[in-house]
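Here is a model to read through. The questions below ask how its descriptions follow from the definitions.

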Amino acid sequence: MSEKIYITTAIPYVNGVPHVGHAMDYLLADVCGRYYESIGDTVRIQAGTDEHGNKIFQKAKELGLPTQEYVDKNAKKFQDFISRLGVEYTDFVRTTDPKHEKRVQEIWTRMKDYIYLSKYEGWYCTGCERFITDKEYEENNGVCPDHQKSYEKLVEENYYFRISDFKERIRKAILSREMLILPEFREKEILRLLDESPDVSISRPREQLTWGVPVPGDDTQVMYVWIDALSNYITVLGYPEKDISDFWPACAQFVGKDILRFHAIIWPAMLLALGLPLPKTLVSHGMVLSNGQKMSKSIGNVIDPIEVLDKHGTDAFRYFFLRHIDTFADSDYTSEKFEDAYNNELANDLGNLVQRLATMCSKNNFMFDDEPAIVFPDEYSELMNEFKFKEAFDFVWTKVQAANKKIDDKKPWILAKENRLDELDEVLTELVLDLKVVSQMLLPFLPETANKIIEVFAGKIEPPKEPLFPKK
Ligand code: MSP
């Protein structure tokens with residue numbers, strides 16, 4: 001039965017331009033969406049940009065630009081980037097859009113029973129846009145390990161969100177897998193953080209945070225960026241004016257492991273306060289590292305994705321990040337690894353396979369009279385349904401390699417030379433059918449290439465005029 005599937009991606013801060021790490025949310029969501037579409041579901045994918053907060057305000061100031069102009073420019077860069085990745089999103093949300101701002105204020109008002117005013121005295125990291133517990137402060141000696149910046153001391157009057165009212169319910173949802181956290185090894189970590197989680201401060205005085213959504217009914221306070229940002233997943237569907245039950249709860253929310261805690265604690269608490277169901281799955285991916293370290297401007301190891309896309313094209317980029325970057329664990333990017341994968345796997349394994357098989361079919365006038373029905377192997381469907389995309393992609397590649405081996409073993413060119421036409425027909429039938437299944441399984445990962453292969457082997461078969469992946 002066809003289902004309505006909603007998939008979300010984290011919305012990046014626009015205080016910089018996209019780097020390769022930002023590609024992960026989009027690529028994983030896109031693979032997931034294209035897979036569900038291929039089995040007949042209706043898919044909605046949200047993307048967007050997180051445009052409030054001090055980091056962004058400061059950056060615009062440094063550049064001497066009006067803040068709105070600065071965020072407009074960078075939001076556009078993210079939109080262009082997503083399109084360059086071949087990612088098909090259906091909805092784009094910007095947190096400075098007045099429609100979103102109004103909806104967030106309405107959300108705040110609806111959460112009112114769980115909000116109280118109190119004094120905050122503690123630590124804050126502007127890099128993470130996060131309040132820091134004393135325990136963390138001590139563990140990290142007062143310096144954020146991700147941003148290498150000292151935590152700031154804050155003494156402020158803030159609004160608090162009573163997370164404590166929902167902790168038990170969230171714990172149950174995690175343990176019963178009503179809200180599945182993937183990879184499963186992160187579950188324990190989240191349950192521990194949930195235990196330790198105090199009520200969260202959800203506003204800042206206006207003098208401290210000028211660039212944000214005003215708290216309804218209190219002009220002196222501005223909403224904490226995460227309340228504003230997390231709401232995007234439902235404001236983009238039209239909440240609260242619209243009934244969002246067609247698409248909410250989300251089938252999968254893709255986020256980096258660094259922000260899973262917000263999505264697994266604050267976000268479910270907000271949904272419960274609003275009386276909305278929890279997302280079915282939170283999929284947290286690892287970090288893309290550059291030379292073994294997290295990419296950062298200060299280390300100078302940031303990889304510009306546009307350069308890689310310009311040089312190798314969209315599908316080569318998707319191939320590397322979906323197969324050689326693990327779906328769940330941290331993985332290293334190097335241009336050597338990228339180029340090896342391009343030449344050995346895309347050009348040799350796949351490109352050559354298509355070229356030689358299509359050439360043999362063309363020479364021997366082989367084609368299917370009726371297009372055969374394609375059935376996905378169970379192993380592939382299971383891995384895709386479990387969001388194990390890298391493993392599913394590995395599985396597809398074993399089929400590519402097996403087809404190459406079948407050609408080497410069965411030597412159809414000898415069968416043709418010796419006029420063993422029945423045997424030749426049998427081998428080509430098997431191989432073309434294999435490739436048809438492979439190309440359907442490749443569709444979510446490499447849409448452009450998969451479509452080219454589908455076209456080559458539909459009806460009269462002719463090899464592609466240009467190699468799929470010219471050697472570099
Ligand atoms: N604005 C918040 C998210 C709000 S979602 C309601 C934020 N922005 S971010 O720009 O820092 O990160 C956006 C996404 O990119 C996150 O999922 C984050 O994990 C991911 N990545 C940022 N750097 C990354 C890598 N080096 N590798 C993989 N993903 C990375 O957090």
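**Strands, ligand, cysteines and backbone**

Q: What is the bridge partner of E121 in β6?
A: E121 has V155 as its bridge partner in β6. The model is a predicted one, in which local features need pLDDT of at least 70 and side-chain atom pairs count only at pLDDT 80 or more, while totals for chains, interfaces and linings use all residues. Residues are numbered from 1 along each chain as its sequence is written, and side-chain values use heavy atoms, with hydrogens and water left out.

Q: What makes β4 and β6 a pair of strands?
A: Two strands pair if DSSP finds at least two bridges between them. Strand β4 (residues 115-125) and strand β6 (residues 152-161) have 10 bridges, in the antiparallel sense, so they meet the definition. Strands here are DSSP runs of E with at least two residues, helices are runs of H or I with at least four, and both are numbered from the N terminus.

Q: How do you know that β4 also pairs with β5?
A: There are 3 antiparallel bridges between β4 and β5 (residues 130-132), and Y124 has F131 as its partner in β5. The two strands form a hairpin with 4 residues between them, and E129 in the turn has a positive phi of about 50°.

Q: Which residues come nearest to the ligand?
A: They are I11, D25, D50, D258 and V288, out of 23 residues around the ligand. A residue counts as near if one of its heavy atoms lies within 4 Å of the molecule.

Q: How much of the ligand does the protein cover?
A: The protein covers 93% of the 660 Å² of accessible area that the ligand has on its own. The elements giving two or more residues to the shell are α8 (225-230), α9 (232-235) and β12 (252-256), and α8 has the largest share, with 3 residues.

Q: Why are C32 and C361 called buried, but N365 exposed?
A: Buried means under 20% relative accessible area, exposed over 50%, and partly exposed in between (1.4 Å probe, protein chains only). C32 has 1% and C361 has 0%, so both are buried. N365, at 63%, is exposed, whereas K411, at 35%, is partly exposed.

Q: What makes the backbone of N365 and K411 worth a note?
A: Most residues other than glycine have a negative phi, and most peptide bonds are trans. Phi is positive in both residues, near 50° in N365 and near 40° in K411. N365 lies in the loop between α13 (335-363) and α14 (378-385).

Q: Where is P183, and what bond joins L182 to P183?
A: P183 is in the loop between β7 (180-182) and α7 (185-196). The bond between L182 and P183 is a cis peptide bond, with omega about -5°. Another cis peptide bond joins Y239 and P240, with omega about 5°.

Methods: Accessible areas come from the Shrake-Rupley method with a 1.4 Å probe; for residues, only the protein chains shown count as cover.
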